[in-house]
Amino acid sequence: MKNPSLFLWHILAILTVSVWGASFVSTKILLNAGFLPTHIYLLRFLFAYLILLLLSHDKFFADSWKHEGMLACCGLTAGSIYFIAENTALEYSLVSNVSLIVCANPLLTMIVAGALFPGERLNRRQIAGSVITLCGMALVVLNGKFILKLSPVGDILAFAAALAWTVYSLIVRPLSGCYSSLFISRKIFFYGTLTSLPVLALVGLDVPWAAFKNGQVVAHFLFLGVVASLFGYVVWNRALRVIGTVLASNYIYAIPLVSMILSVLFLSERITVFACIGAGLILFGMILAEWQDHRKKKTEH
């Protein structure tokens with residue numbers, strides 16, 4: 001890659017999705033420590049928002065009410081809906097299952113974008129890749145348990161999280177060309193925190209504060225709030241503008257591999273051969289779906 005700056009953003013994008021893959025394991029550990037999904041999400045987003053507010057506070061509102069509404073939708077979809085659904089899914093399903101299903105959002109984005117924008121409709125190669133990916137998703141969800149111990153609630157919640165992230169990806173695309181990554185990320189943290197308050201009122205305010213005496217709990221919250229949220233969103237929103245939505249989304253495919261490895265190492269989860277085959281099919285199908293577009297872009301330039 002001839003452009004050193006562009007190469008750096010590719011590296012940062014890979015680092016970001018690796019961090020997000022590890023965040024599944026941290027969330028699972030905090031759930032086991034007694035925290036509710038809403039508590040984990042609210043504390044990590046509130047912490048990230050307060051830090052970002054100290055770093056970037058020269059602009060509080062968007063240039064128009066339309067953009068402000070779009071930012072609120074970003075906070076709702078990439079914030080409260082995504083994380084509450086994802087964190088709750090981890091209570092019912094394996095970390096590897098949830099991460100793999102959530103990572104279907106690039107495929108969902110491609111499908112929705114094709115339906116909304118005629119110029120981005122699926123071609124034959126993309127359709128074939130989508131079918132292969134869906135087959136892989138089925139193997140991963142089953143994970144070799146074809147009769148017993150399925151997790152339909154967790155799998156459905158994970159899919160809802162993937163769908164919410166897809167909506168966010170489509171909304172934030174035009175905003176990234178109008179505002180800085182710091183501003184967009186701060187607004188996402190703000191509206192994400194705000195829209196989670198009704199859910200917090202339902203689940204209760206009894207946060208297990210005594211758990212913070214455990215250094216491991218503090219470390220995982222710092223990781224989720226500072227690294228996964230603050231660093232992750234700021235870098236990702238900037239990467240979408242620099243290297244493009246399609247290329248950046250390709251790196252999301254690495255999340256399942258990271259979470260599967262870490263869940264085996266730290267959570268002693270058992271990954272069957274079916275999940276491994278499914279993971280391979282998902283990666284192959286998604287790469288196949290994207291390959292045609294990349295070749296076209298190369299010929300155009």
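The model is predicted, so local features need pLDDT of at least 70, side-chain atom pairs count only at pLDDT 80 or more, and totals for chains, interfaces and linings use all residues. Residues are numbered from 1 along each chain as its sequence is written, and side-chain values use heavy atoms, with hydrogens and water left out.

The chain holds 12 helices and 0 strands. Helices (H or I, at least four residues) and strands (E, at least two) are DSSP runs, numbered from the N terminus. From that end, the elements run α-α-α-α-α-α-α-α-α-α-α-α. Of the 301 residues, 52% count as buried. Buried means under 20% relative accessible area, exposed means over 50%, and partly exposed lies in between (1.4 Å probe, protein chains only).

Helix α3 has 28 residues and should span 40 Å at 1.5 Å a residue. The expected span is 1.5 Å times one less than the number of residues. The end C-alpha atoms of α3 are 39 Å apart, which agrees. Helix α3 also carries a kink of about 35°, centred on Y82. The bend at a residue is the angle between axes fitted to the seven residues ending there and the seven starting there.

The largest nonpolar core has 61 residues. Such a core is a set of buried Ala, Val, Leu, Ile, Met, Phe, Trp, Tyr and Cys residues joined through side-chain atoms within 4.5 Å. Its members W20, F35, W165, L175, F189, Y233 and W236 touch the most other members. At least two residues of this core come from each of α1 (4-32), α2 (37-55), α3 (65-92), α4 (95-102), α7 (152-175), α8 (181-203) and α9 (215-242). Helix α9 gives the largest share, 11 residues. Another core, of 5 residues, lies apart from it; A22, I29, V258 and L262 are among its members.

V102 is in helix α4. Its relative accessibility is 2%, so V102 counts as buried. The C-alpha atoms of V102 and A160 are separated by 8.2 Å, although the two are 58 residues apart along the chain. L230 is in helix α9. L230 is buried, with a relative accessible area of 12%. The C-alpha atoms of L230 and R44 are separated by 9.1 Å, at 186 residues apart along the chain.

A search of the whole structure finds 21 aromatic pairs. Rings of Phe, Tyr and Trp (its six-membered ring) pair if their centres lie within 6.5 Å; planes under 30 degrees apart count as stacked, over 60 as edge-to-face and the rest as tilted. Ring pairs join W20, Y41, F45, Y82, F83, W165, Y168, F189, Y233 and W236 into a cluster. Two charged side chains also sit over rings. The charged end of K59 lies over the ring of F183, 5.9 Å from its centre. R186 lies over the face of F60, 5.3 Å from the ring centre. The criterion is NZ of Lys or CZ of Arg within 6 Å of the ring centre and within 35 degrees of the ring normal.

The structure holds 0 disulfides. A disulfide is a pair of cysteine sulfur atoms within 2.5 Å. For C73, the nearest cysteine sulfur is that of C74, 7.2 Å away. C73 is partly exposed, with a relative accessible area of 36%. C74 is likewise in no disulfide. C74 is buried, with a relative accessible area of 0%.
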